[in-house]
Amino acid sequence: YEDLKKMVQAFFEPPSEKDREVPDTVLAKLRPYQLDGVGWLSQLHRLGVGRILADDMGLGKTLQAMALLAKTKVMDGHKPSLVVAPTSVLDVWVQEAQTHVPDLKVVKWHGRDRKKSKQAAIEADIVVTSYALLRRDVDSVLGEVDFRYLMLDEAQHVKNNATEAWKAAKQVRSDQRLALTGTPIENRVEELWSILEVVAPGLLGTSKNFEKRYGKPIAKGNASRLNELRRRTHPVILRRKKEDVAKDLPPKIESILRCEMTKEQRSLYLRVLAEVREDVQKALTVHSKGRARAPILAALMRLRQVCCDPRLVLGADGESVGSAKLQLFEEIMTDAIAGDHRVIVFSQFVEMQKLLHA
């Protein structure tokens, strides 16, 4: 009983200065609110409790999570952690890790031959994979490795406990769990139950009991039950909005998001590349470099259009090819709108603007 009492008290104590410390292996300079975030994550790490880091878009959830992994490696030694994210941001995790925590070895669990990399995954500090591949591989390699952390980026992908992604996440063997999402609730409070049941199993009881106690009453406007749910989940959810930390923010925040083309989109790109290369070579043969400028710019524009959306080159036939950039755009916009943000979208191509608007 005394141990339980101490643990409950620890939930409500502020993180210590030691919790807020970041090891020298983290090369980025964290802002004050990010240090507070690392302190909060470290405190719950000590308590062994799953949590949701629900900071607003652009406040550096990825960096705070990486700082936590770097810190746990220094404290507890090597053990791999699994990061599950949308396919479109896998490379972002790899690049951010290489830039800010180069001491951590990162393996991207992706591609047809990925299962040959099991030993590399075991020896890595961070294994990055997609929700689609987690579903496919959780019964084999990804379900056989003991991870230190399971980190779910854009955790709204497991907001429905009936999906294969949610069931796969539940199967992963890990000491600790962390969800990263700026929108833990998009439509119904049951979504919060689904995410917390993955990262902190049992905290909110069974799905049936949760729906009876919170889901239905809150849907009917019961403010008392809503406040009760907030109090109950407050210790394991940290959310800061941009306006909350405005004084700590730089004048402008720039985030570069990279995404890989789909297999079909890449094939089209290579085909168009071969065509325009031939056109450019002919232009350089016939004209001087100055006069060949127009064909070269036209070739580059076609390649850029394929990268944006194949329909800009193929018309309606390009719809079956798909656009990785459009998929990423939809993910970003979903997060932004759920967070009640206003967004300005620029594109050089008028037709691309029409596709985005549609």
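Angles under 35 degrees count as roughly parallel, over 145 as roughly antiparallel, 65 to 115 as roughly perpendicular and the rest as oblique. Everything here comes from a predicted model, where local features need pLDDT of at least 70, side-chain atom pairs count only at pLDDT 80 or more, and totals for chains, interfaces and linings use all residues. Residues are numbered from 1 along each chain as its sequence is written, and side-chain values use heavy atoms, with hydrogens and water left out.

**View 1. Helix 13 and helix 14 side by side.** Helices (H or I, at least four residues) and strands (E, at least two) are DSSP runs, numbered from the N terminus. Helix 13 covers residues 263-286 and helix 14 covers residues 293-308; their axes come within 9 Å and cross at roughly 180 degrees. The axes are lines fitted to C-alpha atoms, for helices over the stretch in contact, and angles run from 0 to 180 degrees between N-to-C directions. The two helices are therefore roughly antiparallel to each other.

**View 2. Where helix 13 meets helix 14.** Contact means heavy atoms within 4.5 Å. On the helix 13 side, look for Gln265, Leu268, Tyr269, Val272, Leu273, Glu275, Val276, Val280, Ala283 and Leu284; they meet Pro295, Ile296, Ala299, Arg302, Leu303, Val306 and Cys307 of helix 14. The residues of this contact split into 14 nonpolar, one polar and two charged. Here Ala, Val, Leu, Ile, Met, Phe, Trp, Tyr, Cys and Pro count as nonpolar, Asp, Glu, Lys and Arg as charged, and the others, Gly among them, as polar.

**View 3. Zooming in on valine 272 and glutamine 305.** Buried means under 20% relative accessible area, exposed over 50%, partly exposed in between (1.4 Å probe, protein chains only). Valine 272 belongs to helix 13 and is buried, at a relative accessible area of 2%. Setting aside neighbours within four places in sequence, valine 272 touches Arg302, Leu303 and Val306. Other buried residues of helix 13 include Leu268, Val276 and Val280. Glutamine 305 sits in helix 14 and is buried too, with a relative accessible area of 14%. Apart from neighbours within four places in sequence, glutamine 305 is in contact with Pro310, Leu312, Val313 and Phe349.

**View 4. Strand 2 and its partners, strand 4 and strand 5.** Two strands pair if DSSP finds at least two bridges between them. Strand 2 (residues 81-85) has five of its five residues buried, so it is largely enclosed by the rest of the structure. Ser81, Val83 and Ala85 cover one side, with Leu82 and Val84 on the other. Five bridges tie strand 2 to strand 4 (residues 126-130), running parallel, while three bridges pair it with strand 5 (residues 147-153), also in the parallel sense. Valine 84 is a handy landmark: it stands opposite threonine 129 in strand 4, and its bridge partner in strand 5 is leucine 152.

**View 5. Strand 6 with strand 1 and strand 5.** Strand 6 (residues 174-180) is mostly covered, with five of its seven residues buried. Strand 1 (residues 51-53) pairs with strand 6 in the parallel sense over three bridges, and arginine 51 has leucine 178 as its bridge partner there. Strand 5 and strand 6 pair in the parallel sense over six bridges; aspartate 153 is partnered by leucine 180 in strand 6.
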